[in-house]
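Hello,

Here is the structure I said I would pass on. Please open it first, then read the notes below.

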Amino acid sequence: MLEHGGDIAAAARRYGIPAAQWLDLSTGINPQPYPMSPVPESAWHRLPADGDGLADLASAHYGGPALPVPGSQAAIQALPRLRTASRVLVLSPTYAEHAQAWRRAGHTVRELDAEALEANTDEADVVVVSNPNNPDAGIIPRRRLLCWHARLASRRGWLIVDEAFADAQPEQSVADRADQPGLIVLRSLGKFFGLAGLRAGFVLAEDRLRESLAEMIGPWAVSGPARFGARGALADGAWQARTRERLARDSKRLAEVLANHGLGPAAGTALFQWVPHERAQHVAEVLAHQAILVRHFPALGALRFGLPGEETAWRRLDETLAAVRRELA
Ligand SMILES: Cc1ncc(COP(=O)(O)O)c(C=O)c1O
C-alpha cells in the first residue's frame with residue numbers, strides 16, 4: 001500500500017501526541033465540507049438503484065456522461081484491467097496510485113514530466129495525467145490535452161485525465177469532451193466537496209467504456225447513503241458557488257501566510273500549496289512536534305500544505321510557522 005496524507009492515527013503514534021490535538025494539513029480535502037443532510041432510512045436498507053438520478057445529475061454537473069464509482073480510486077485500479085498489455089506514460093510526479101495500478105496490471109509504465117510525455121505520446125497506448133496536478137499544482141492547458149487525445153484516439157489509445165482537483169478551477173477541464181472514444185475523465189467528491197469519507201466519484205467516458213467499467217466494478221458498488229449524499233452535493237449550486245469563492249480567498253491567504261514565514265509556494269491550487277524547500281524534512285518534523293501534519297515528499301524536496309479550516313487553525317499555523325522560521329534562522 002502506498003503512503004498518503006491524512007493518517008492522523010499514525011502521526012499520533014509516531015510523535016506521542018493524541019489524535020484530537022492534531023491540525024491536519026496533509027491532504028487536499030476541503031476542511032469546510034458540504035453539510036450532509038440526514039440520510040433517509042430507506043437508503044440504509046434498500047439496495048442502491050442505478051436509476052436514482054445520480055448519473056444524470058453528475059452528467060449535467062460535469063458536462064459529460066458520468067458513471068458513479070466508489071471514489072475515483074476504484075476507477076484508477078479498475079481501468080488498467082480493461083486493456084491488454086499496453087505502453088503507458090504517467091505524468092511525474094503525480095498521485096502515485098496511477099503508476100502503481102498500471103504496473104500491477106502488467107503494463108509497461110514510464111513516468112515522465114509533461115514535456116517528455118508530450119514528446120513520447122506517439123509511442124504510447126495510454127497517457128495518464130492529473131490536472132491540476134497533485135502534488136505540484138501543475139496545469140496542462142486544455143488545448144494541449146485535447147491535442148494529445150486526438151493523437152492517442154486515432155490509434156485506439158486512451159488519455160486519462162484525473163480531475164480530482166478541478167472543481168474549483170474548471171477552466172482547463174476536458175470533461176465536456178469525455179463522450180469521445182479514448183478520453184476518460186475522473187472526478188471526485190472527496191476534495192472540493194470535502195466528502196472523502198463518502199467514497200463517491202465519477203468516471204466520464206463514452207458508453208462502451210462506462211459499461212465495461214461498470215461490469216468490472218460490479219453491482220451496488222456505491223452505497224445508498226453515498227448516492228444520497230452525492231446527489232445532495234451535486235444539486236446544491238449555491239453551496240458550490242460560495243465554496244469556489246471562499247476557496248479562492250483561502251488559497252491566496254495560505255500562500256501569503258507561508259510566504260510571510262519564508263516558505264513561499266512555487267505553485268498552488270484552491271486546496272493546497274506546493275512548497276519546495278531545501279530543509280523540507282526539517283520543517284515537516286518541527287511542525288509535527290507541534291502537532292501540525294503536512295505532507296513531505298522526500299524525493300522531491302518539497303512540502304504540500306492543505307487549507308486550515310477554523311480561524312483558530314489559521315492562527316495556530318501562523319504562530320507555529322513563526323517559531324519554525326526562528327528555528328531555521
Ligand atoms: C489526484 C487524485 N486523484 C484521485 C484520488 C482518489 O480520491 P477518491 O478515491 O477519494 O476520489 C486522490 C486522492 O488523494 C488524488 O489525490
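Two strands pair if DSSP finds at least two bridges between them. Keep in mind that the model is predicted.

Start with strand E13, residues 302-306. Strand E10, residues 272-276, pairs with E13 in the antiparallel sense, over 5 bridges. To find this pairing on screen, look for Phe272, whose bridge partner in E13 is Gly306.

E13 is also joined to strand E12, residues 295-297, by 3 bridges, and these two strands run antiparallel. Here Arg295 has Arg304 of E13 as its bridge partner. E12 and E13 form a hairpin with 4 residues between the strands, and in this hairpin Gly301 takes a positive phi near 55°.

Is E13 enclosed or open? A residue counts as buried if 20 or more other C-beta atoms lie within 10 Å of its own. In E13, 4 of the 5 residues are buried, so the strand is largely enclosed by the rest of the structure.

Next, the ligand. The residues that surround the ligand include Gly71, Ser72, Gln73, Tyr95, Ser130, Asn134 and Asp162.

Last, a pair of helices. H3 (residues 54-62) packs with H9 (residues 224-235) at an angle of about 30°, and their axes are 10 Å apart. Angles under 35 degrees count as roughly parallel, so H3 is roughly parallel to H9. The crossing of H3 past H9 is left-handed.

Regards

How values were computed:
Residues numbered from 1 in each chain as written. Predicted model: local features only at pLDDT ≥ 70, side-chain atom pairs only at ≥ 80, totals over all residues. Buried ≥ 20, exposed ≤ 12 C-beta atoms within 10 Å, placed from the backbone. Near = placed C-beta within 6 Å. Axes fitted to C-alpha atoms, helices over the stretch in contact; angles between N-to-C directions. Parallel < 35°, antiparallel > 145°, perpendicular 65-115°, else oblique. Left-handed = near helix turned anticlockwise from the far one by under 90°.
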